[in-house]
Structures are given as structure tokens and as C-alpha cells.
Amino acid sequence: MHEPVLSIRGLTKTYRGGTRALDNVDLDIRKGEIFALLGPNGAGKTTLIGAVCGLVRPTGGTIAAFGHDLARDWRAARARIGLVPQELSTDMFETVRRAVTYSQGLFGKRHDPARIEEILRGLSLWDKRDTQIRALSGGMKRRVLIAKALAHEPELLFLDEPTAGVDVELRKGMWDQIAALKERGVTIILTTHYIEEAEEMADRVGIIRGGRILMVDEKHAMMERLGTTEAVIDLSEPLAALPPAIAAFPVELAGEGMRLVYRGGSGAGGGAAEVARLTQALTRTGIAYTSLDIHDSSLEDIFVGLLGAQEVSA
Amino acid sequence: MHFNLRSAYAIYRREMARAFRTAFQSILSPVLTTSLYFVVFGSVIGARMEPVGGVPYGAFIIPGLLMLTLLGETTSNASFGIYMPRFTGTIYELLSAPVGVAETLAGFVGAAMTKGLILAAIILATARLFVDYEIAHPLFAAVYIMLVAASFALFGFILGIWADSFEKLGIIPLLILTPLTFLGGTFYSIRDLPAPWDAIALANPIAFLVSGLRWTFYDTADVPIALSLGLTLGFLALCTVVIAVIFRTGWRLRE
């Protein structure tokens, strides 16, 4: 295993006023991956990004990026990190090209018009290069922020809620652009509360809540570990009790005996095969059914389940 | 100690671009205000005034008026330069960049100094239209103007970090700098004030700055030039230390 691009140990942040935004966070980010930090509002996602990017002073713990301790070698580390903030904060009166040129210089890079053109073209902003940023739409402003963050060719890019306030069509476009960055070898950490987004893009997912990382895993492994298959079978005739032939399956009766609900298997797909065996058993037993609905649980179900379990234990 | 010249230059260029974008506000408006002073106090009233310390009244008020504009403009320019990014949120970029206090100051303060010098040159040229004057120590005058511009750019920078509203941003130049400059011997020599006002006037630090600049112009001063220079350098050092502490602790910059 390669040395992680970003290594966070025991990171804690308590704001003045006592709010504990981060609570002993440990996290390793692998080179070249897309990591989605998933959590509700106020979970600590933005604080975590801020602590790595120098916007927030950690109360405790260590952060190392590319082997540089951020407390000491912050210059070397920051030169290789890019940040696209959640808020659309840009210099409204600056033109797109000047704003991106500024970012390139600010991060200590030599002025490189060709590189800026490439970035702007890649984000479909080249036609707007001499337009003042205030005249752009929200989606374009977001892309300007991405262009600014890319101007110094970061190897690690933070995207804080990249698709917040972006409509569905543009969101797909944003996903494509993020995927293209990954192709170029950029490691990407994005925060989102759209589960769909994490599911679509991420290699690994970390779930954060109340400043704690509840779980980090490969997206597929997470689905496998926590995912289930649910099948709802509407019966022709009500059942008073489960017949012995199907009692062995993880099923229960619902809807006053008119409905069988199966929950089992895993995200790996074992559930579907078992549902097939269940329907055969029903047919053999002579139980007729009118409809069958089968689906795998999404990351969203996992998420809700995890947060629910937290609430119960808390 | 690292110093990234490209970063500092990027900040400098941006600040200069901002000034030219708002050329009316940052250059034309102070020039217009100062011209009005020259017309009224220099030409019209000045013609009826006795020379002060051997200097014709119209010429006498030039260093003070120059100081008035220089202090006000440099302070508000530098304070605005750092306050606006804090206000709009664009400061995230500066904070996340591999940029330290040295580059930040070189960029912001360098730009404020440049603007101060441009402004001073324009005001002096404008003054020439209304009154005749000779500068006794031109080189010294230029250095002194730069020192004052640097000091008050730093001061403005602190102000811009301290302020948490536009009101606070404007209050210091308006309520402190302008009155102190007016009372600091811009229109009269402090030595000519009746006791005890001559002594009280010397409690005003800006009187030392006006006097110092007047010395570089006409070789005549209310207080020794060494004192003026010492005070300016001391203020410069104080502001630098305060800013270094602000960056170290992240006060009002990093949560």
C-alpha cells in the first residue's frame, strides 16, 4: 500500500463558544481516489476541509499531506492542495481570466497562459474569459472557482459541496468534470449530502456526523456489508401465518396478511437469488401472488440506517 | 524564511488593478478635494495671509494637505483591500495559499505605497497650478512619503482585519485621522499657537508627521526632523509587529 496522500490523526476542533466541530478524526486518503465525505449539515465536513486547507486552526491532532506535517511544512503542502469552497465567493468585478491568473500567481506558479486556456476550455469557460464574474450564472461561477483551484495544478483537490445549488443537468456535467480530473491523477475529496452523488462518483465513502467519522469503506464494500435486498410480494389471498415452507426465509407478513416482505442478502447480490428461491417455494406451496417488487438498498438506506442506529445508542 | 516573489507580485498586481478599476474613487476624488483646498486656502485666502516662518502661506500648507490625503487614502485603501475579501469570503484563497505574512504584506502594502506615491505626485503637480513652491530635499521628501505611506498602509491593514462592519472601516480615518491632521499643523505652525495649546498640540502624533514632511519641503519644522523620522519608523515597526502577531494567532483570519 502506498503512503497516503493525506493522513489525519486525532484531529479535533472546538470552536470558541464550545462547539466541538471535529472530534478525534482519523482519516487516510489514498492517491488518485475520489473520496466522498458524506454527512448531514453541521456534521463537520467543512471544518475538516478548512483544517486541512488552512482556514481553520485545529485544536488538536496532526495532519500530514504528501508527507509534510501541515503545522510545520504548510508551504510545501499547500502548494499541492486546491480548494473549491462551498460558498460562491469570487471577486465579482474581476474577469474570469484575470481571476484565474491571480490564483496561479498566488500559489507561486509561473504565469502560464496556455495552461489557463486549457483549464478554461476544459470547464467550458473560454468563451467567457473576458466577462466579469458577476455577470455569470451560478453554475458558471462554481466552474470559475474550480478553474481557480486548478490553476496551480494541485494533486489533491477539495470540493466542498460541488453541486450545491446546481440543477440536475449541470450536476451531471460537474460529475463528468470531476471524473476527468481523476483521470488526470488528481486525488479528490468531496463533501456532499446528496447520497446519489457519493454513490455515483466515489471510490470510497466516509460517513461523518457530529464531528466523528462513523465509518469509512470502499463504496462497494459498504454496500456489501450493510446493503440488503428488499422484496415486496403482494399476495392474492391473505395468509394467517407463515407456512413452514417459507418460514426459513427472512420474511414477514404485512398488510393484514396480504403482503410478504423479504429483507435479506447483501449488497453483493445474494438477495436476488434468495428471492428467486422464495418465489419458487411460494409456487410449490400453492400461494399465488399478484405482484413482486424487488430492489437493493441504496447508500441512502445505509446512511439512514447508520444515523438511526447512532440516535438509538446516543 | 521563505519568500515567494510570485505570490507577492500576484497580490500586488491585483491590488493595483483594483485601484485602476476604481480610478475615480481612488485617484480623482482625492485630487479634486485637495485642489479645492489649494484654490480656497492657497490662492484665495492664502494671498491675504502672512508668510509662516518665511514660507508663503499657499506653499506652507502643501505638505500638510499632502499628508492629509496620503494618510486618509493609504489607510482606507489598505483597509479596504483586506476587508473586502473577508467580507465577500474570497479570503479563503489567500488563507489556503502557500503565502505567509511577508508575501501578503509585500503585496498589499507595496500596492498601497505605490498608490500613495502616485497620488502624492499628482497632488504636487496639481498644487503647482495654484501656488509656487520649491522642494528643499526632494529625495528625502520621496523617502519620507514612502515611509509614511508604508506605515499607514500597515495601519490600514490592521484596521481592515479588525473591522467587522463597513461602519467601523470608515470610522477611524474619519473620526481620528482627519481631525488629527487638521489639528496637526496643516494650516498653521504649532509654534505659533498660544500656550498651553502649543504643548497640547504636540500630544498629537500626526503633528510630527506634518512637521517632518514640511522640513523635507522647506527646511523649516515645528519639531526636529529626527524626532519626526523616529516616530514614523517607530509606528512602522509597531504596526509590523501587530500584523506579525495577527498572522501568528490567526486573529479574525482563521477560526
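## Reading the model

Because the model is predicted, local features need pLDDT of at least 70 and side-chain atom pairs count only at pLDDT 80 or more, while totals for chains, interfaces and linings use all residues. Residues are numbered from 1 along each chain as its sequence is written, and chains are lettered from A and ligands numbered from 1 in the order in which they are written.

## Chain A as a whole

Let's start with the big picture. The C-alpha trace of chain A spans about 75 × 45 × 40 Å along its principal axes. Chain A holds 11 helices and 14 strands; these are DSSP runs numbered from the N terminus, with helices being H or I of at least four residues and strands being E of at least two.

Chain A is divided into domain 1 (6-224) and domain 2 (228-296), with bounds that come from an automatic or database domain assignment. The C-alpha centres of these two domains of chain A lie 45 Å apart.

How much of chain A is buried? Of its 314 residues, 40% are buried. A residue counts as buried if 20 or more other C-beta atoms lie within 10 Å of its own, as exposed if 12 or fewer do, and as partly exposed in between, with C-beta atoms placed from the backbone.

Contacts tell us about sequence distance too. Two residues are in contact if their C-beta atoms, placed from the backbone, lie within 7 Å. Among contacts in chain A between residues at least 6 apart in sequence, 70% join residues at least 24 apart.

## A four-stranded sheet

Now look for an open sheet in chain A with the strand order β2-β1-β4-β5 and antiparallel pairing. Strands pair if DSSP finds at least two bridges between them. β2 (20-29) and β5 of chain A are the edge strands, each with a single partner, so one side of each has no neighbour in the sheet. Helix α1 (residues 45-53) of chain A packs on this sheet and touches β1, β2 and β4 of chain A, and its direction makes about 65° with that of β2(A). That angle is taken between N-to-C directions, on a scale from 0 to 180 degrees, using lines fitted to C-alpha atoms, for helices over the stretch in contact.

You can follow the pairing strand by strand. β1(A) and β2(A) are joined by six bridges, and A:Leu6 stands opposite A:Ile29 in β2(A). Five bridges link β1 (residues 6-14) to β4 (residues 60-65) of chain A, where A:Ser7 has A:Ala64 as its bridge partner. A:Ala64 also stands opposite A:Asp69 in β5(A). The hairpin of β4(A) and β5(A) has two residues between the strands, and A:Phe66 there takes a positive phi near 55°.

## A covered strand

Which way do the residues of β3(A) point? A:Ile34, A:Ala36 and A:Leu38 point one way and A:Phe35 and A:Leu37 the other, and all are buried.

β3 has parallel partners in chain A. Five bridges join β3(A) to β8 (residues 187-192), with A:Ala36 partnered by A:Leu190. Four bridges join β3(A) to β9 (residues 204-209), where A:Leu38 faces A:Ile207.

## Meeting chain B

In all, 25 residues of chain A are in contact with 22 residues of chain B. On the chain A side, α3(A) gives the largest share, four residues.
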